[in-house]
Amino acid sequence: MTTTQRWQLLALTLVIGAVLYALAPVLTPFVFAALLAYLGDPLVDSLQRLRLSRTSGVLVVFSIMVLSLVLVLILLVPMLERQISHFIEQLPRYVAWFRGTAVPWLEARFGFELGELLDTDQVVPMLQQHWQQAGGVAAAVVATVSKSGFAVLGWVMNLLLVPVVAFYLLRDWDVLIARIRALLPRPVEPSVTRVARESDSVLGAFLRGQLLVMVVLGVIYSIGLWIVGIDLALLIGMTAGLLSFVPYLGTAIGVIAAIVAALVQFHDVAHVLMVCGVFVVGQMLEGFVLTPWLVGDKIGLHPVAVIFAVLAGGQLFG
């Protein structure tokens, strides 16, 4: 490649980047729709192998996606909001336990003073005040947006556009891939196709498998903690499950939060042991059943590489 060709390629890349940046608000629903179609395509292919037509398979998969989203919005979100409100209301109990039990134990165990460093007298009222204001802020935002007819129309159009575009992309996914492959220059087509298939195998296994592992783990932890009797079972369980894509992070946060909740709520060791049992069972299911079955060994990434990738992605892209 000559110097002139390199500069032309750089200029073309910059122009494409600028166009994509300018069209970001318009492209956002298409990106979400493409992601949904990409995640749902293997399920449609599986239904096709069961003698269903492509359109029928798309209707089945699309209905499952829509139903899942509706159930999350109707059932899960209000339940999580109630648990967060309950936690904010019970925060003084947690602070009192921490200052009266945890801090003296830590001071006796490690021999340093924490009482002066951990002044929570102002923190609890501030958190409670901000949480009470959050509902008012949200209502104010909704009221402000609703006053602008164009803003409401834009939101509605985007909400309607995502499922419509996702449906058509899902129905014609194989056709679109074949057309993109036909547009490739013949000399590079075999290499590009091979790399694309390998990337799809790894990326698809990670996205689809890890999302399922996160959701299933969240459900297992939530049900287990609910059986133990933890008031914040859903909040702690789903948080631990959704953070499980970073190795050991979700489990560590879930175990610590659940043990603290058990101690504050029951003041005994028995419930702490039951909480630990819930996470031991969850980890065994993840290691021996969920991850090998849903993800397998296709990722090929070391846990340290996963942690670095998550932190670097968050730093670069938010």
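Start with the rings: the count comes to five aromatic pairs. Rings of Phe, Tyr and Trp (its six-membered ring) pair if their centres lie within 6.5 Å; planes under 30 degrees apart are stacked, over 60 edge-to-face, and the rest tilted.

Select Tyr38 and Trp173. Their ring centres are 6.2 Å apart and their planes stand at 55°, so the pair is tilted. Tyr38 lies in helix H2 (residues 24-49) and Trp173 in helix H6 (residues 173-183), so the pair ties together parts 135 residues apart in sequence. Helices here are DSSP runs (H or I, at least four residues), numbered from the N terminus, while strands are E runs of at least two. Both Tyr38 and Trp173 are buried. Buried means under 20% relative accessible area, exposed over 50%, and partly exposed in between (1.4 Å probe, protein chains only).

A word on the model. It is predicted: local features need pLDDT of at least 70, side-chain atom pairs count only at pLDDT 80 or more, and totals for chains, interfaces and linings use all residues. Residues are numbered from 1 along each chain as its sequence is written, and side-chain values use heavy atoms, with hydrogens and water left out.

Now the charges. The structure holds six salt bridges, each a side-chain nitrogen of Lys or Arg within 4 Å of a carboxyl oxygen of Asp or Glu.

Select Asp41, Asp45, Arg54 and Asp174: salt bridges link them in a network. Arg54 bridges to Asp45, with the closest N and O atoms 2.8 Å apart. Arg54 and Asp45 are buried. Asp41, in helix H2, is buried too, at 8% relative accessible area.

Move to Arg171 and Asp172, whose side chains meet in a salt bridge (3.3 Å, N to O). Arg171 is partly exposed at 31%, and Asp172 is partly exposed at 25%.

Next, Glu189 and Arg181. Their salt bridge has its closest N and O atoms 2.5 Å apart. Glu189 counts as buried at 9% relative accessibility, whereas Arg181 counts as partly exposed at 37%.

Follow helix H7 (residues 189-228). Its 40 residues reach 57 Å from first C-alpha to last, close to the 58 Å expected at 1.5 Å a residue. That expected span is 1.5 Å times one less than the number of residues. After H7 comes Gly229, with a positive phi near 110°.

Last stop: Met79 in helix H3 (residues 54-110). Met79 counts as partly exposed, at 37% relative accessibility.
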